[in-house]
Amino acid sequence: MLRTGSSARKRVPEAQGSHLPIDTLLVGDCIEIMESLPAGSVDLIFADPPYNLQLEEGLTRPDQSRVDAVDDDWDKFESFAHYDAFTRAWLAAARRLLKPNGAIWVIGSYHNIFRVGTALQDLGFWLLNDIVWRKANPMPNFRGTRFTNAHETLIWASRDPKSRPVFNYDALKLANDDVQMRSDWLFPICTGAERLKDSEDRKVHPTQKPEALLHRILVGTSRPGDVILDPFFGTGTTGAVAKKLGRHFIGIERERDYINAALKRIAAIKPGDTAAFETTGSKRAEPRVPFGSLVEQGLIAPGAKLYDGQRRYTATVRADGSIVSDSHAGSIHRVGAQVQGAAACNGWTFWHVENGGTLNPIDDMRAQIRLRLQNLSA
């Protein structure tokens with residue numbers, strides 16, 4: 001077990017007992033180590049397993065220079081049957097570790113992702129989305145025999161159909177200029193100063209993932225303080241981003257060169273201001289407050305007047321929380337839609353109250369009640 005500030009040359013004991021070794025890199029076989037960790041202890045898993053590329057010979061460019069492809073022993077399997085058995089074993093161990101509302105991300109290429117998807121469903125995971133990571137700078141197809149392989153696929157799945165995994169919808173939408181985050185993501189592959197190199201200027205890891213990819217995943221589907229497990233830790237991208245975002249991580253890796261690089265990389269990261277780790281909250285997760293509560297708690301009185309933002313329409317509040325505007329009566333949403341001749345309306349943002357000559361949306365009053373509820377439950 002190695003803390004991120006430890007020397008990679010020290011002896012590594014096995015993970016045992018009920019203690020959860022957070023912010024730690026565990027060295028050894030991922031299945032054995034996952035089986036030794038306490039069940040139901042992890043919030044989110046990000047897995048970048050071997051792709052089983054089945055490369056029978058090296059790849060070369062037109063100038064005969066060699067392409068730095070994935071041909072390491074850890075990516076080689078005797079057959080599809082052996083790969084499938086390995087996939088099911090590590091996924092079963094991973095599912096055991098997830099909390100009831102936990103979720104997993106798995107990334108792969110066309111060589112393996114469909115087999116991984118089958119295993120996920122067979123083991124009881126519930127598929128939520130598949131994400132296409134479109135690479136801004138993919139490797140060309142040098143032989144000209146196929147389409148340029150310009151994307152990888154990620155599967156996001158919850159532990160089971162009844163799970164309620166974290167999804168920071170509003171934070172992702174805000175990051176995307178107030179447009180819903182789609183399932184096709186454009187990022188460059190890992191290059192430049194972010195790409196880890198050895199003393200001979202060679203890539204330490206052939207498939208190091210860009211931090212931007214993990215940043216979106218962790219911001220979108222985890223909370224500060226959550227425990228993120230990466231069973232194929234490699235050079236520690238998951239751990240590095242988790243540390244930057246105020247999450248805890250557990251990494252598992254067995255290749256010594258990757259371990260050394262990961263430890264050095266993560267130890268160099270200085271934790272940021274904890275206030276910066278928070279993301280925009282989702283209104284769906286906030287307590288439901290009906291308009292009638294504003295009347296009951298005296299924030300708005302029966303008989304008060306409501307206006308739209310341009311003072312085109314006026315409505316009167318009734319004691320039961322309904323409103324009346326001309327011949328229309330009902331909820332703030334229904335009447336808001338009827339006066340406009342619209343199919344639907346968000347009454348909280350449409351209707352306003354006048355205060356000192358200024359119109360303020362009634363949603364501000366709802367926020368006051370929610371704040372009271374949060375203070376009471378704190």
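Leaving aside neighbours within four places in sequence, which residues is Ser-322 in contact with? In this predicted model, the residues are Thr-316, Val-317 and Gly-330. Ser-322 itself sits in a loop. That loop runs between strand E11, residues 314-317, and strand E12, residues 323-325. The relative accessible area of Ser-322 is 10%. Ser-322 is therefore buried, the cut-off being under 20%.

The side chain of Ser-322 also takes part in polar contacts. One joins it to the side chain of Asp-320, at 2.6 Å. Another, at 2.8 Å, joins the side chains of Ser-322 and Arg-318.

With neighbours within four places in sequence set aside, Val-106 is in contact with Ala-47, Pro-49 and Trp-90, among others. Ile-113 and Val-116 are also in contact with Val-106. So is a run made up of Thr-153, Leu-154 and Ile-155. Leu-91 lies 15 residues from Val-106 in sequence. The C-alpha atoms of Val-106 and Leu-91 are 9.9 Å apart in space.

The cysteines were examined next. How many disulfides does the model contain? The count comes to 0, where a disulfide requires a pair of cysteine sulfur atoms within 2.5 Å. Cys-190 has a relative accessibility of 3% and counts as buried. Cys-345 has a relative accessible area of 19%. Cys-345 is buried as well, because the limit is under 20%.

Helix packing was examined for H6 and H7. Helix H6 covers residues 237-244, and helix H7 covers residues 256-267. Their axes come within 9 Å. The crossing angle is roughly 15 degrees. H6 is therefore roughly parallel to H7, as angles under 35 degrees count as such. The crossing of H6 past H7 is right-handed. On the H6 side, the residues that meet H7 are Thr-237, Gly-239, Ala-240 and Lys-243. On the H7 side, Arg-265, Ile-266 and Ala-267 meet H6.

Methods. Residues numbered from 1 in each chain as written. Predicted model: local features only at pLDDT ≥ 70, side-chain atom pairs only at ≥ 80, totals over all residues. Heavy atoms only, no water. Helix = DSSP H or I, 4+ residues; strand = E, 2+ residues; numbered from the N terminus. Buried < 20%, exposed > 50% of the residue type's maximum accessible area, 1.4 Å probe, protein only. Polar contact = N/O pair within 3.5 Å; in protein donor to acceptor, adjacent residues only side chain to side chain. Contact = heavy atoms within 4.5 Å. Axes fitted to C-alpha atoms, helices over the stretch in contact; angles between N-to-C directions. Parallel < 35°, antiparallel > 145°, perpendicular 65-115°, else oblique. Left-handed = near helix turned anticlockwise from the far one by under 90°.
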